[in-house]
Amino acid sequence: MFSKKKILKLGLGLGLLLGGQSWAASSALDKKVEQLQREIDALKGQIKENTEMLNETASAMEKGGGSYSKSLWDKLSIGGYGELHYNNLDGEGGASDKKEMDFHRFVLFFGYKYSDTIRFVSEFELEHAIAGESKNGEVELEQAYIDFNYSGAHHVKTGVFLMPVGIINETHEPPTFFGVERNPVEKNIIPATWWEGGVALNGDFPNSFSYDFALSSGLNTTSGKNYKIRDGRQKISNAEANDLAVTGRIKWNGVRGLELALTYQNQGDVTQGNDSTAGGADLIETHLIWMYRGFTLKALYASWDLDGTGPQAVGADEQKGFYIEPSYHINEQFGIFARFNQYDNQAGDNTGSEKELLSIGFNYWPHEDVVLKFDIENQDNEGGQNQDGFNIGVGYQF
Amino acid sequence: MPIVWRIHFCLFFLFLPGKVEAASLQEYQNPKDFIQESFLTEVPKAKYIWIKSEVRKDVERILGHRYHQLRVRYWSKGPISTWILEEIGKEEYITFGVTINSGLVQNAKVLVYREIRGGEIVRKAFTHQFLNSKINSKHKLNVRIHGISGATLSVRAMTKIVRMALYLDQVIQKKS
């Protein structure tokens with residue numbers, strides 16, 4: 001049998017052994033914790049470093065990485081628009097039918113940014129799909145100018161540019177207006193699209209108005225075309241420049257949704273000195289655009305006053321017209337409109353040359369830059385030579 | 001050329017600037033000043049929101065095109081967040097400042113305008129339309145914005161940016 005002494009010794013020994021084991025386990029745990037802490041610290045450092053690297057990478061990528069191709073594309077800009085029209089009009093009173101399909105305009109914009117303040121802008125257009133001898137179409141350079149942003153919102157440009165007049169002359173991408181065809185008043189009276197070569201100043205004063213002032217090449221009308229303004233466009237193709245034109249416009253957008261504009265132009269001689277019976281001319285154009293919620297009202301009046309006995313003899317000393325267009329956007333994709341146009345390129349006499357056109361239709365935008373159009377048109381020309389029917393169109397911009 | 005036109009020419013060039021200045025000056029307000037204006041007291045430290053997964057999908061849906069930024073910097077304190085965002089009008093980036101307070105637009109401005117045309121969008125008559133607007137579950141504004149003829153693309157850019165700021169504010173407010 002074990003004596004008490006032996007038992008005590010044994011217990012003590014066992015206690016020491018167990019105690020030692022527990023101490024050893026605790027020490028191992030501490031070591032483990034320390035090791036984990038070191039790993040956590042290392043991971044924290046790694047995460048911090050990774051985050052910094054990620055931010056640096058993001059910054060570098062957002063700045064463009066300095067690659068050549070990126071910087072080139074930063075400077076170049078390309079855009080365009082186009083429109084296909086289908087006209088189905090029946091002639092009456094001696095007027096012919098018009099049943100045709102036409103890719104009316106295919107336009108490309110190219111721009112180049114030399115610096116933050118010096119830029120090149122161009123617009124190259126193919127009209128009626130094919131150009132050449134005995135073809136219907138034309139290839140036209142409608143804009144090609146250098147713009148200098150010389151101070152704040154003030155620019156000077158020189159080259160070929162669109163005249164600062166009317167509503168559609170400078171902004172005529174198909175998704176921006178109602179009606180398959182552009183309105184005939186701006187086309188025949190202003191005459192849109194109208195571009196000239198020269199130099200122009202334009203600018204904007206915040207919360208008040210914007211202005212344009214241009215010194216440009218002029219028109220060259222002829223008695224053979226009854227001094228019709230539209231036929232006087234020289235399109236900057238070896239354009240005669242004996243007599244220039246000055247244009248000024250002031251535009252006010254001081255109230256929400258409202259634009260009021262007034263343009264005045266003086267032509268030195270609308271025949272460029274080729275017709276001694278004609279002379280100078282003045283254009284006055286004014287328009288209003290009022291947008292309230294989905295409702296828009298556009299109204300425009302334009303009037304030419306030509307000097308000389310030549311224009312007076314055929315009533316072309318006065319060429320004028322107006323249109324009024326209420327429209328309503330039912331939602332972002334669908335809008336309806338009506339437009340009443342009246343114009344006369346020989347308003348100076350009583351020959352009955354006044355023309356009226358009423359269009360009613362809709363635009364559907366499946367995408368904000370793509371539009372499908374439909375309208376019904378009804379003409380009321382003096383002499384009863386009318387073309388009535390409908391038009392369908394598709395247009396785009398990018 | 002008749003003498004009157006020569007005079008016109010001379011007068012015209014008198015108005016031209018001596019030299020074109022080096023930097024674009026169409027800065028209507030410095031972004032730093034806009035941020036300062038949004039917070040009555042000290043401006044909080046800038047934070048980033050990463051444009052990834054669902055957030056990227058929503059942002060690109062709002063803008064209608066791919067978004068090249070990986071993250072967006074913002075300044076936020078309580079219910080207020082301020083955003084400096086850029087979007088192309090026709091050819092150039094326009095810099096906008098948008099401040100959101102409790103899910104509503106508190107301030108929205110064009111800070112830098114670089115396009116040649118369409119500058120009418122800087123007018124208060126236009127930008128004030130966005131004040132107090134908010135977005136619905138489809139990220140559309142609850143107000144109908146009156147456009148500006150001839151500045152369609154700039155108007156569209158600002159409308160998208162205001163929607164994007166309202167959306168990003170919702171994302172950061174949910175996280176916090």
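Tutor: A cavity is a set of grid points where a 1.4 Å probe fits but cannot get out. The model discussed here is predicted.

Student: How many cavities of 30 Å³ or more does a search of the whole structure find?

Tutor: Rolling a probe the size of a water molecule over the atoms shows where empty space is left. With a threshold of 30 Å³ or more, a search of the whole structure gives a cavity count of five.

Student: Which element supplies the largest share of the lining of the largest cavity?

Tutor: The largest cavity has a volume of about 530 Å³. Of the 31 residues lining it, the closest to its centre are A:Glu170, A:Thr171, A:Glu173, B:Lys90 and B:Arg117. Several elements supply at least two lining residues each, including strand 2 (98-113) and strand 3 (118-127) of chain A. The largest share, four residues, comes from helix 5 of chain B.

Student: What volume of space lies in the second largest cavity?

Tutor: The lining of the second largest cavity has 29 residues, and A:Arg249, A:Lys251, B:Arg117, B:Gly118 and B:Glu120 are the closest to the centre. By class, this lining divides into seven nonpolar, twelve polar and ten charged residues. The space in the second largest cavity is about 380 Å³.

Student: Which residue of strand 16 of chain A is the bridge partner of A:Leu84?

Tutor: Strand 1 (residues 76-92) of chain A is joined to strand 2 of chain A by 14 bridges, and the two run antiparallel. Strand 1 of chain A also pairs with strand 16 (residues 386-397) of chain A, in the antiparallel sense, over twelve bridges. Within strand 16 of chain A, the partner of A:Leu84 is A:Val394.

Student: Is A:His85 buried or exposed?

Tutor: A:His85 is found in strand 1 of chain A. A residue counts as buried under 20% relative accessible area. Because its relative accessibility is 2%, A:His85 is classed as buried.

Student: Which residue has a side chain joined to that of A:His85 by a polar contact of 3.1 Å?

Tutor: Leaving aside neighbours within four places in sequence, A:His85 is in contact with several residues, among them A:Glu100, A:Asp102, A:Val180 and A:Glu181. A polar atom of the A:His85 side chain lies 3.2 Å from the backbone oxygen of A:Val180. The side-chain to side-chain polar contact of 3.1 Å joins A:His85 to A:Glu181.

How values were computed:
Residues numbered from 1 in each chain as written. Chains lettered and ligands numbered in written order. Predicted model: local features only at pLDDT ≥ 70, side-chain atom pairs only at ≥ 80, totals over all residues. Heavy atoms only, no water. 1 Å grid on protein atoms, 1.4 Å probe; cavity = no way out; pocket = protein on both sides within 12 Å on 5 of 7 lines; lining within 4 Å. Points joined across faces, edges and corners; volume = space filled by probe spheres on them. Nonpolar A, V, L, I, M, F, W, Y, C, P; charged D, E, K, R; others polar. Pairing = 2+ DSSP bridges. Buried < 20%, exposed > 50% of the residue type's maximum accessible area, 1.4 Å probe, protein only. Polar contact = N/O pair within 3.5 Å; in protein donor to acceptor, adjacent residues only side chain to side chain. Contact = heavy atoms within 4.5 Å.
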